[in-house]
Amino acid sequence: MEELSKMGMTVMSLDVTNIGNIRKVRDDVAALTSGKLDILVNNAGAAYPVAATDLVLSDVRALFEVNLFAPMAMVQEFIHLLIASGDGRITHTGSVSGIMPVPFSVAYNASKAALHAFGNTIRVELAPFNIKVINVVTGTVKSNIAKPNKIPTDSLYKSMEEIYQEKRVNRSQMNAMPTEVYAKIVVTEVLKPKPRAWLWTGNQASLVVYEYLDLIEMNTTTSADLAPVLQLLRDAQATSYVAVAALTVVVVDQLMTFPQEIDLMWRGKWSAAKVLYLWNRYFSLAILAFDAYFYVHEISSDNVQGAGATMIVLTVDVVLVMRVWVLYHQSKKVLAFLVPLLLCEVVSMLTLSILTDLPLKAYAHFPSLSGCYSLVVPRFLTFYSVPALATSSVMFVMTLLKCGYSLFSERGQMPVIKLFARDGIIWFITVLLITTVNIIIWTAGRPTMAETNIDMSCALYSIIAARCLLNIKETLQRTNNLTVDNVSTIWQRGQESMEFGGTSTSKARRGHDALTFDEIEMGPSPPQL
């Protein structure tokens, strides 16, 4: 109390079980704040760790005086001050014990369950007065509430007293959330313009949600009414797992190819190809990391939107277009065909994304549920992958035509031609599988599963693009006995040309600055498109 006073706070002592004391504090607060109160926090609480068969009813009544009747009295006495503030908040410190049946804590469980019910009810009653009520469902937090309690000598559980004391006092505080962390989370939520009705925080609080709903599903006769909520939770959990898995796949692939990246990319000069590679690698990593964070953290807002997936797909398709353009000897006619094709893909994907997002009005939120989920997803989303598949199909056909034509010539046997053919086939098969899975999910799956495969799709797209760029540079290095130090774009001979540079080649000794794709024997040019 003295420390708070030194910080400039006005401190008052309060016995929440004494109505006279409550009213005195109310009057003192009104005098200090001109009759207004912004936030009322009902935090006082007591524990009574006794089995149901060992309860002393007078002790139970005393417990309820602190845990339930005191918050009721505080709300009654301070309600006019809260209304006067114009945006009052009432916060109740509840507990997971009011949700799950914690053994040897029946009276405490009942008092917290009653407090939750009280909060839910006054949230509705006080809504017309612009008062928001937050139930904080608290998991394990560092505190002194877990104190030893003797088991009566005639108790059914006397023989297990040693085990009971060890679990009650020691294990109940194991891995508990630090008090200051808990306080910061609660304060941050309460101060939001639209705080959530239920805030689940403290260690293990989130786990209780799933365990509790499974328990209800197994025991209730009205489980059909809860089926949509239970299914929503499972779909949200699956989406979260896939998001984390997608991030893990990209990180593992990047670690596996990092030595190649250093040798073939970082040591070279800055160029269009290098920028594309690094943008694809690290932008994708950032987007997937954000999504993973988003999916595993609770949110209360519906305004979390982004075009990360579209950006990743388009970046990858730019790499694909560059491959085909280079394969066709940087033909201007080919480029004039490919650029509009890519622009059509951009417009189509953005249009479908807008048509999908705009109609979404109502989102589902649930305590401790990460993300936000619309229960109705427009079927425009079904076609979101089609533009990317169409672009990849055109690129695949053009790659097969060029590589097939070249393989009939002697020069077509060069490893770079085989590489283009192999990577093109792998690329198309992967895109086809991704699109097929997405269309199945978006057509036949539940609306709450709409985002399940998006992150994994983006991860695979990004990996394929990165691998293709690395494979091209590595193959050229091996085929031409070069140390491929850079990829640079130069403007010469009146046309744009992609360089794969070297520093100690026989061509460099003959006066050439770099080895260009035009100088690599890619085979004869196919008939012009």
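The structure holds 12 salt bridges, a salt bridge being a side-chain nitrogen of Lys or Arg within 4 Å of a carboxyl oxygen of Asp or Glu. Side chains of opposite charge can pair when their charged atoms come close. The model is predicted, so that local features need pLDDT of at least 70 and side-chain atom pairs count only at pLDDT 80 or more, while totals for chains, interfaces and linings use all residues. Residues are numbered from 1 along each chain as its sequence is written, and side-chain values use heavy atoms, with hydrogens and water left out.

One of these pairs joins Lys24 to Asp28, with the closest N and O atoms 3.1 Å apart. Both residues belong to helix 2 (residues 19-33), and because they are four residues apart there, about one helical turn separates them. Helices are DSSP runs of H or I with at least four residues, strands are runs of E with at least two, and both are numbered from the N terminus. Lys24 is exposed, at 52% relative accessibility, whereas Asp28 is partly exposed, at 29%. In these terms, buried means under 20% relative accessible area, exposed means over 50%, and partly exposed lies in between (1.4 Å probe, protein chains only).

A second pair reaches beyond helix 2. Arg26 forms a salt bridge with Glu77, and their closest N and O atoms are 2.5 Å apart. Since Arg26 lies in helix 2 and Glu77 in helix 3 (residues 57-85), the pair ties together parts that are 51 residues apart in sequence. Glu77 counts as buried, at 11% relative accessibility. Arg26 and Glu77 also take part in a network of salt bridges that includes Arg23 and Asp27.

Elsewhere in the chain, Arg422 pairs with Asp423, the closest N and O atoms being 3.1 Å apart. Arg422 is partly exposed, at 42% relative accessibility, while Asp423 is buried, at 5%.

The chain contains 15 helices and nine strands, and 47% of its 529 residues are buried. Contacts are defined by heavy atoms within 4.5 Å; among those between residues at least 6 apart in sequence, 72% join residues at least 24 apart. The accessible surface of the chain comes to about 26700 Å², and carbon and sulfur atoms account for 63% of this area. Accessible areas come from the Shrake-Rupley method with a 1.4 Å probe, and for residues only the protein chains shown count as cover.
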